[in-house]
Amino acid sequence: MAKVLIVEDDKIVRSGLKVLMVNEGFETYFTDDGNEALRLAQQHKPDVILCDIAMPIMDGYEVLKNLRARPETASIPVLFLTAKITKEEERIGLDMGVNAYLKKPMWPEEILEQVKKFIKK
Amino acid sequence: MCAMQQAVECIAQAIVETNNIGVCLVDACAPDMPIIYINRGFENITGYTAAEVVGKNCRFLQGAHHDQPSVPLIAEAIRQHRTMSVVLKNFRKNGEEFFNHLHLFPLYNQAGELTHYVGIQNDVTALKRDEEALRHENTTLKRTVQQRTDELQEFVSELQSELRIQKRLEAQLREMNSLLETKVEERTSELRVALEKQKALNEIRARFIMTVSHEFRTPLSGVALATGILKKFVEQFSPEERQEQLDNIREAVEHLTELIDEVIFISKSEANKLDFHPHPVDIRHLCASIIAQAQRIDTHHHDFIVRCSEPELMIDADERLLRSALTNLVSNAVKYSPPHTAVEVEILPNDTSVVIAVKDQGIGIPAEDLTNLFEPFHRAANAQTIQGTGLGLSIVKNAIQRHGGTIDVRSVLNTGTVFTITMPRKQDNEAERSYA
C-alpha cells in the first residue's frame with residue numbers, strides 16, 4: 001500500500017487531506033509539526049510528502065531542506081501545498097527542488113492527481 | 001709797501017669801483033654813525049648819489065620798515081663790534097623795494113679802537129624773487145599735491161565704501177542664495193519624505209493585500225477539500241463522517257466571515273470611516289458583561305475577576321467598538337493562558353480618564369514581538385500554533401485610538417501579560433465631527 005505523509009498546521013485542511021488520502025486507500029501519516037514530519041518520514045519512508053509552507057516553529061522550506069539532507073529521505077518526492085501563490089514564491093519553492101508546487105485552494109481530485117503522479121514512478 | 005699789501009689794496013680798489021656791489025663807509029665815532037663814503041655800486045643799487053646820502057645814517061634805506069626781524073641783529077652786532085651778514089628789505093630812491101644782502105665789518109685804528117664800519121651790499125632781489133617764486137611754486141605744488149592727495153583719498157574712500165557696499169551685496173546675495181538652497185533642500189527632502197511615506201504606505205497596502213489573500217486561501221482550501229470529499233465519497237460515508245465534513249465547511253466559512261469582518265474593520269478604520277457614536281456607557285457593567293460571556297464559553301476553567309472601586313463608572317464611548325476591543329483582549333487572555341489561571345479586568349478611575357487593565361498568567365509575548373504587536377497580521381512567535389487571524393490587536397488599537405485613548409502592553413514570557421487601556425472619560429463632539 002502506498003504511503004502518504006501530510007504536513008499541515010491548519011486543522012481543517014489537515015483533516016480534509018487525511019480523509020481524502022485514507023479513502024483513496026493510502027497508508028496516511030499526518031502532523032502539524034516539521035520536526036515530527038522529519039521523524040515520520042525517516043521511520044515510514046512515505047512515497048509522497050504533501051507539505052504546507054507557512055507553519056510555526058519549522059516551515060516547509062526547512063522541512064524540505066532537512067529531508068534532502070538525509071540520505072534515507074533525500075529521494076522522497078515532496079509536494080508543497082500552500083497559500084503562497086505568487087510567481088516569486090513559487091520560484092523560491094521550485095529553486096529549492098520541490099517536486100510540485102500546488103496552490104491553495106485546490107479541489108481533492110487535483111490534489112490526488114498530483115500525488116498519484118509521484119506514486120506511479 | 002709789500003706786494004701782498006699792494007694786492008689787497010688792488011682788490012679793495014676793484015670792489016670799490018665795481019658797479020653792482022655797494023660799499024659804504026660809516027663813521028663809528030660820530031653821533032648816529034653817519035655815512036661818510038659810498039661807491040658807484042651803492043649809487044647803482046639805491047639810485048641815491050653820494051651827495052644825497054653822506055652824513056645820513058644807513059637806516060633811511062629801510063623806509064618805514066624798521067620792524068624787520070634782521071634790524072635788531074644789526075644793532076646787536078654794532079653793539080658787540082662784530083662782523084655780521086643779513087638780508088634786509090630796503091628801498092631805492094624811486095621807492096622800489098629791493099632785498100639787500102648786507103655784510104658789516106668793523107674797522108679799528110692802531111690803538112685797537114673802533115673807528116669805522118664798512119658795509120658791503122648785494123642786491124639779491126632777483127634771487128629773493130626766485131626764492132619767493134620757488135617757495136610759492138612749492139606751496140602751490142604742495143597744495144596741488146595735497147588737493148590731489150585729498151581727491152585720491154576721497155576717491156579711495158569712495159572706492160572703499162563702494163567695495164563695502166559691493167561686499168555687503170555679495171554677502172546678501174550669498175545669504176539669499178544659501179537660503180534658497182536651504183529652501184530647495186528642505187522642499188526636496190520634504191518631497192522625498194512624502195514619497196518615502198507614500199512608498200511605505202503602498203508597501204504596507206500591498207503586503208496587507210498579499211497577507212489577506214494568503215489568509216483567505218487556507219479556509220477556502222478547507223471548504224474546497226470538504227465539499228470535494230463529500231461529493232466523491234458521499235455514498236460510502238457514514239452519517240458521522242458526512243457531519244464531520246459539514247462541520248469543517250461551517251467552521252471554515254465562519255473563519256472566513258470573521259476574517260472579512262476584521263479586514264473591513266481595519267480598512268474602514270484606516271480610512272477614518274469607522275462608525276463612531278459615543279454615548280454614556282457604564283464601563284464597570286460593560287466589563288462584567290464581557291467577562292460573564294467569556295466565562296460561559298471558556299472550557300478551561302479560568303478564574304475570572306473584575307475589580308472596580310466604583311459601583312458604577314460612566315464614560316463616553318461607542319459601546320460596540322469598546323465591547324469589541326475589550327472582548328478581544330479578554331479572549332486573548334483566555335486563549336493564551338493555561339487552565340485554572342486568573343483572567344482579571346481592573347478598572348481604575350482618574351479625574352479625566354479611566355484605566356482598564358486586562359491581565360493574564362499566560363505564555364507571555366517575546367520582547368522582539370512587542371514592537372509590531374499591533375500591526376495587522378503580526379503574530380508572536382509563540383502564538384503561531386494557536387488559532388487566530390493576526391488582526392485582533394490591530395482592531396483593538398484602532399478602536400481605542402478612535403476614542404482618543406491609548407493602549408500599552410507589558411509582558412513576561414511564561415508569566416503573564418497586561419494590556420493597559422487609558423480612555424478619556426468625555427468625548428467632545430467636535431472630535432467626532434472632525435474625525436468623521
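This is a predicted model: local features need pLDDT of at least 70, side-chain atom pairs count only at pLDDT 80 or more; totals for chains, interfaces and linings use all residues.

A crossing of two helices is called left-handed if the near helix is turned anticlockwise from the far one by less than a right angle, and right-handed if clockwise.

**Stop 1: α6 and α10 of chain B**

Select residues 239-270 of chain B, which form helix α6, together with residues 392-402, which form helix α10. The axes of α6(B) and α10(B) come within 10 Å and cross at roughly 40 degrees. The pair is therefore classed as oblique.

Now display the side chains at the contact. From α6(B), select B:Glu262, B:Phe265, B:Ile266 and B:Ser269; they meet B:Ser394, B:Ile395, B:Asn398 and B:Ala399 of α10(B). Coloured by class, this contact shows 4 nonpolar, 3 polar and 1 charged residues.

**Stop 2: α8 and α10 of chain B**

On the α8(B) side, the contact is made by B:Leu321, B:Leu322, B:Ser324, B:Ala325, B:Asn328, B:Leu329 and B:Asn332. On the α10(B) side, select B:Gly392, B:Leu393, B:Ile395, B:Val396, B:Ala399, B:Ile400 and B:Arg402. By class, the contact comprises 9 nonpolar, 4 polar and 1 charged residues.

Which residues should be kept in view when moving between these two stops? B:Ile395 and B:Ala399 take part in the contact with α6(B) and also in the contact with α8(B).

**Stop 3**

Select B:Thr341, in the loop between α8 and β9 (342-349) of chain B. Is B:Thr341 buried or exposed? Its relative accessible area is 14%, so B:Thr341 counts as buried. Leaving out residues up to four places away in sequence, B:Thr341 touches B:His302, B:Asp303 and B:Gln361.

**Stop 4: two positive phi angles in chain B**

Most residues other than glycine have a negative phi, and most peptide bonds are trans. With that in mind, select B:Asn272, in the loop between α6 and β6 (279-282) of chain B. B:Asn272 is not a glycine, yet has a positive phi of about 55 degrees. The relative accessible area of B:Asn272 is 35%, so this residue is partly exposed.

Next select B:His81, in the loop between α4 (71-79) and β3 (84-91) of chain B. B:His81, likewise not a glycine, has a positive phi of about 55 degrees. With a relative accessible area of 38%, B:His81 is partly exposed.

**Stop 5: B:Leu104**

Move to strand β4 (residues 97-108) of chain B and select B:Leu104. B:Leu104 is buried, with a relative accessible area of 9%. Where does the chain return to this residue? B:Ile78 is 26 residues away from B:Leu104 in sequence, and their C-alpha atoms are 8.7 Å apart in space. Beyond its neighbours within four places in sequence, B:Leu104 is in contact with B:Ile74, B:Ile78, B:Arg82, B:Thr83, B:Met84, B:Tyr117, B:Val118 and B:Gly119.

**Stop 6: chain A as a whole**

Chain A has 5 helices and 5 strands, in the order β-α-β-α-β-α-β-α-β-α from the N terminus on. Of its 121 residues, 54% count as buried. Switch to a surface: chain A exposes about 5,400 Å², of which carbon and sulfur atoms supply 51%. Among contacts between residues at least 6 apart in sequence, 61% join residues at least 24 apart.

**Stop 7: α2 and α3 of chain A**

Select residues 34-44 (α2) and 60-69 (α3) of chain A, which pack at an angle of about 30 degrees with their axes 10 Å apart. The two helices are therefore roughly parallel, and α2(A) passes α3(A) in a right-handed crossing. At the contact, A:Gly34, A:Leu38 and A:Ala41 meet A:Val63, A:Asn66 and A:Leu67. The classes are 4 nonpolar, 2 polar and no charged residues.

**Stop 8: A:Pro105**

Finally, select A:Pro105, in the loop between β5 (100-103) and α5 (108-120) of chain A. The peptide bond from A:Lys104 to A:Pro105 is cis, with omega near -5 degrees.

Note on methods
Residues are numbered from 1 along each chain as its sequence is written. Chains are lettered from A and ligands numbered from 1 in the order in which they are written. Side-chain values use heavy atoms; hydrogens and water are left out. Axes are lines fitted to C-alpha atoms, for helices over the stretch in contact, and angles run from 0 to 180 degrees between N-to-C directions. Helices (H or I, at least four residues) and strands (E, at least two) are DSSP runs, numbered from the N terminus. Contact means heavy atoms within 4.5 Å. Ala, Val, Leu, Ile, Met, Phe, Trp, Tyr, Cys and Pro count as nonpolar, Asp, Glu, Lys and Arg as charged, and the others, Gly among them, as polar. Buried means under 20% relative accessible area, exposed over 50%, partly exposed in between (1.4 Å probe, protein chains only). Accessible areas come from the Shrake-Rupley method with a 1.4 Å probe; for residues, only the protein chains shown count as cover. Angles under 35 degrees count as roughly parallel, over 145 as roughly antiparallel, 65 to 115 as roughly perpendicular and the rest as oblique.
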